[in-house]
Amino acid sequence: MTSISMPATDSQPTPAEYLSEAVALATDNVRNAGGPFGAIVVSADGRVFEGVNRVTANLDPSAHAEVTAIRNACRELGTFDLTGATLYTSCEPCPMCLATSLWARIDRVYFAADRHDAADAGFDDAVFYRYFEGGPDDRAIMPVSSASLSADERVAPFTEWNATAERTEY
Ligand SMILES: [Zn+2]
């Protein structure tokens, strides 16, 4: 068994270096009519994909930096599965971005500013965290409930899915 230690100059950027890059993207994005958020996805083989917040620019509430970086990585890599990738983001991911990272099978997430820094700057991250982590009072801003359909009707899409042989599992 051999062990090779690489010279420091050949090593990958550190998490702090990727985070600095994400923070710089976020700051630049403010000067480009975007929100103050930037993110980087580094794939398992070390490729780097950037994303910035384009919510107001694109009229897209889901265009958070992390989601945008994940979309860019998936499109460029031709996959919906980012297993082995790491997400670096200028601010602690909101619940949507965390869920998107889970669906994308991201391995690990690093952030710079936290949810309280975001709240201090006027963003709703802390409120949305309370929605998921808190009690019924915290969820009053958007009630979610089922409504009565027959059992057959409500599971019809799943019935169709399971009857379709050529489906792509994910
Ligand atoms: Zn987000």
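Trainee: Does alanine 73 count as buried or exposed?

Mentor: The relative accessibility of alanine 73 is 0%. Buried means under 20% relative accessible area, exposed over 50%, and partly exposed in between (1.4 Å probe, protein chains only). Alanine 73 therefore counts as buried.

Trainee: What pLDDT do side-chain atom pairs need in order to count?

Mentor: Residues are numbered from 1 along each chain as its sequence is written, and side-chain values use heavy atoms, with hydrogens and water left out. The model is predicted: totals for chains, interfaces and linings use all residues, local features need pLDDT of at least 70, and side-chain atom pairs count only at pLDDT 80 or more.

Trainee: Which residues does alanine 73 contact, leaving aside its neighbours within four places in sequence?

Mentor: Alanine 73 is found in helix H3; helices (H or I, at least four residues) and strands (E, at least two) are DSSP runs, numbered from the N terminus. From alanine 73 to alanine 85, 12 residues apart in sequence, the C-alpha atoms are 9.7 Å apart. Contact means heavy atoms within 4.5 Å. Beyond four places in sequence, the contacts of alanine 73 are Val41, Phe49 and Leu82.

Trainee: What pattern does the protein follow along its sequence?

Mentor: The protein contains eight helices and four strands. Read along the sequence, their order is α-β-β-α-α-β-α-β-α-α-α-α.

Trainee: Why is the protein described as more spread out than a compact globule, and what is its radius of gyration?

Mentor: The radius of gyration is taken over C-alpha atoms, and the globule rule is 2.2 Å times the number of residues to the power 0.38. For 170 residues that rule gives 15 Å, and the protein is well over this value, so it is more spread out than a compact globule. Along the principal axes, the C-alpha atoms fill a box of roughly 65 × 45 × 30 Å. The radius of gyration is 20 Å.

Trainee: What share of the 170 residues counts as buried?

Mentor: The protein exposes about 11200 Å², of which carbon and sulfur atoms supply 56%. Accessible areas come from the Shrake-Rupley method with a 1.4 Å probe; for residues, only the protein chains shown count as cover. Among contacts with a separation of 6 or more, residues 24 or more positions apart account for 46%. The buried share of the 170 residues is 30%.

Trainee: Which residues lie closest to the centre of the largest pocket?

Mentor: On a 1 Å grid over the protein atoms alone, a cavity is a set of points where a 1.4 Å probe fits but cannot get out, whereas a pocket is an open set with protein on both sides within 12 Å along at least five of seven lines; lining residues have an atom within 4 Å of a point. Grid points are joined across faces, edges and corners, and a volume is the space filled by probe spheres set on the points. The largest pocket holds about 310 Å³ of space. Of its 19 lining residues, the closest to the centre are Phe37, Asn53, His64, Phe123 and Asp125.

Trainee: How many residues of that lining are charged?

Mentor: Ala, Val, Leu, Ile, Met, Phe, Trp, Tyr, Cys and Pro count as nonpolar, Asp, Glu, Lys and Arg as charged, and the others, Gly among them, as polar. The lining of the largest pocket divides into nine nonpolar residues, six polar and, as charged residues, four.

Trainee: Which residues does asparagine 29 touch, not counting those up to four places away in sequence?

Mentor: Asparagine 29 is found in helix H1 and counts as buried at 3% relative accessibility. Its C-alpha lies 24 Å from that of leucine 77, 48 residues apart in sequence. With residues up to four places away not counted, asparagine 29 touches Gly34, Gly35, Phe37, Val52, Asn53 and Arg54.

Trainee: What is the phi of alanine 33?

Mentor: Alanine 33 lies in the loop between helix H1 (15-30) and strand S1 (38-42), and at 56% relative accessibility it counts as exposed. Most residues other than glycine have a negative phi. Alanine 33 is not a glycine, yet its phi is positive, at about 60 degrees.

Trainee: Which strand holds tyrosine 110?

Mentor: At 22% relative accessibility, tyrosine 110 counts as partly exposed. Leaving aside neighbours within four places in sequence, its contacts are Pro15, Leu19, Thr86, Leu87, Tyr88 and Thr89. Tyrosine 110 is found in strand S4.
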